[in-house]
Amino acid sequence: MGQAQVWPDVPAWLSRGLADLFPHEAGPLAGSATSLAARLAEAEREDRPLRIKLGIDPTGSDIHLGHSLLFRKLRAFQDAGHTAVLIIGDFTARIGDPTGKSATRVQLSAEAVAAHATTYLEQLGQGQPRQRALLDFETPGRLEVRRNSEWLAALDLPQVIELLGTSTVGQMLAKDDFSKRYGGGTPIALHEFLYPLLQGYDSVAVRSDLELGGTDQKFNVAMGRDLQRHFGQPPQFGLLLPILPGLDGVQKMSKSLGNTVGLQDDPLSMYSKLEKVPDAAVNAYLTLLTDLELEALPANPRERQKAMALEVTATRHGQQAALQAQADAAGLVGVGAGRNPGLDGEAGGSPRAEAVEVLEASLASVNFPAKAFFLLSAIGVCASSSEGRRQIQGGGVKLDGVKLSDPNLEFSSAAELDGKVLQLGKKTFRRLVP
């Protein structure tokens with residue numbers, strides 16, 4: 001991806017996957033090094049870890065791989081001896097980040113945010129050995145978990161007015177999302193202008209040296225720099241990573257688009273989803289979600305795809321579970337195509353893979369367009385459409401390893417489903433054929 005050529009003075013562990021680093025020169029403010037490389041060197045001389053900020057707003061209960069690449073980079077800073085400052089935006093989440101939104105977000109309750117925050121920390125590895133966790137919760141001095149209600153809830157009106165005075169309406173409307181909404185006549189609530197200011201104030205409160213974010217967060221990260229200058233602190237650096245494409249390989253990974261891989265996915269589901277990532281997106285997954293060297297991987301696109309799926313699954317579930325998932329996935333494909341790697345004596349076979357039986361189910365009698373709940377009864381895996389609806393709503397149905405959550409999901413034609421494996425519960429598999 002060429003990052004080493006763009007930032008030759010940045011260590012390889014830091015530059016991997018890097019989309020933007022700003023500023024490249026930090027300016028003349030007293031006490032600040034003129035580049036990130038210089039600040040890293042200064043911290044090493046002073047035996048002082050840098051404070052690396054990453055803020056997350058717990059607006060949902062699940063973390064997916066698209067989020068995890070930022071945590072992987074945060075972990076790289078931890079492993080290099082720096083302090084990760086993970087800010088749980090329990091206050092800002094109740095406003096909602098307007099980035100990428102075409103309308104005002106629904107404000108969440110404090111109770112919902114607190115519940116989501118608990119699940120986030122569990123998924124990041126709280127209570128787990130650091131070798132298995134996404135973040136290092138064990139090593140002293142490597143992690144601070146802060147909630148921004150600590151300082152934001154205590155702000156009084158004069159302080160809020162001071163914050164508002166550091167920015168202009170013109171600056172806010174220069175933010176792409178606000179600009180589009182304003183130009184299109186979509187209302188912008190005044191409290192939404194507060195969001196960038198409040199999350200920027202987080203950088204002041206924790207005295208951040210560097211903030212991590214996606215490329216869509218540049219405005220917010222830059223706001224933190226501006227506020228640090230206002231309050232007399234050396235401004236933080238911004239290190240931005242790309243937005244991970246979803247399973248379609250085109251749009252960003254987003255739960256609302258249904259193209260995600262969740263950190264809580266079981267190994268087989270995770271591997272099965274990842275081995276189907278389009279070829280054009282595989283290198284991005286390898287760069288952002290693994291430490292594998294791209295040059296050392298097979299040139300064959302299918303083998304490269306499988307290597308990526310195995311490694312990403314292993315980073316989450318361990319090597320043994322990932323290998324078993326790969327074998328089971330091969331078993332599903334093999335039986336459906338009349339070939340089972342485990343039975344044919346090929347590498348990768350396993351007793352679990354041999355036990356998987358995938359029968360074919362014809363779609364010839366299905367009238368398309370067809371909804372998911374009807375499809376289950378039409379191919380005979382459910383006794384009725386109502387049972388099909390209950391099975392989907394209960395979370396017991398997957399299509400090619402992806403859980404179906406909407407019984408009214410509509411399929412337009414048999415061609416859309418051709419060759420895909422429908423799974424009901426743990427033992428019923430059907431390969432769909434026209």
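Residues are numbered from 1 along each chain as its sequence is written. Because the model is predicted, local features need pLDDT of at least 70 and side-chain atom pairs count only at pLDDT 80 or more, while totals for chains, interfaces and linings use all residues; side-chain values use heavy atoms, with hydrogens and water left out.

**Overall**

The protein has 19 helices and 13 strands. Helices (H or I, at least four residues) and strands (E, at least two) are DSSP runs, numbered from the N terminus. Of the 434 residues, 48% count as buried. Buried means under 20% relative accessible area, exposed over 50%, and partly exposed in between, with a 1.4 Å probe and protein chains only. Among contacts with a separation of 6 or more, 67% come from residues 24 or more positions apart. Contact means heavy atoms within 4.5 Å.

Two strands pair if DSSP finds at least two bridges between them. Strands of a sheet pair through backbone hydrogen bonds, either parallel or antiparallel.

Strand S6 (residues 237-241) pairs with S1 and with S5. S1 (residues 20-22) runs antiparallel to S6 and is joined to it by 3 bridges. S5 (residues 210-214) pairs with S6 in the parallel sense over 5 bridges. The table gives some bridge partners.

| Residue | Bridge partner in S6 |
|---|---|
| Asp-20 | Leu-240 |
| Leu-210 | Phe-237 |
| Gly-213 | Leu-240 |

Between S5 and S6 the chain passes through helix H11 (residues 218-230), and this β-α-β crossover is right-handed. Right-handed means that, with the strands pointing away from the viewer, the path from the first strand over the helix to the second runs clockwise.

In S6, 5 of the 5 residues are buried, so the strand is largely enclosed by the rest of the structure. Phe-237, Leu-239 and Leu-241 are buried on one side, and Gly-238 and Leu-240 on the other.

**Helices on the sheet**

The 15 residues of H4 reach 20 Å from first C-alpha to last, close to the 21 Å expected at 1.5 Å a residue; the expected span is 1.5 Å times one less than the number of residues. Of these 15 residues, 11 are buried, so H4 is largely enclosed by the rest of the structure. The buried residues include Leu-65, Leu-69, Phe-71 and Phe-77. Just after H4, Gly-81 takes a positive phi of about 100 degrees.

**Helix H12**

Helix H12 (residues 267-274) is mostly covered, with 6 of its 8 residues buried. Among them are Met-270, Tyr-271 and Leu-274. Asp-266 caps the N-terminal end of H12, where a side-chain oxygen lies 3.2 Å from the backbone nitrogen of Leu-268.

Conventions
A polar contact is a pair of N or O atoms within 3.5 Å; within protein, one must be able to donate a hydrogen and the other to accept it, and residues adjacent in sequence count only if both atoms are side-chain atoms.
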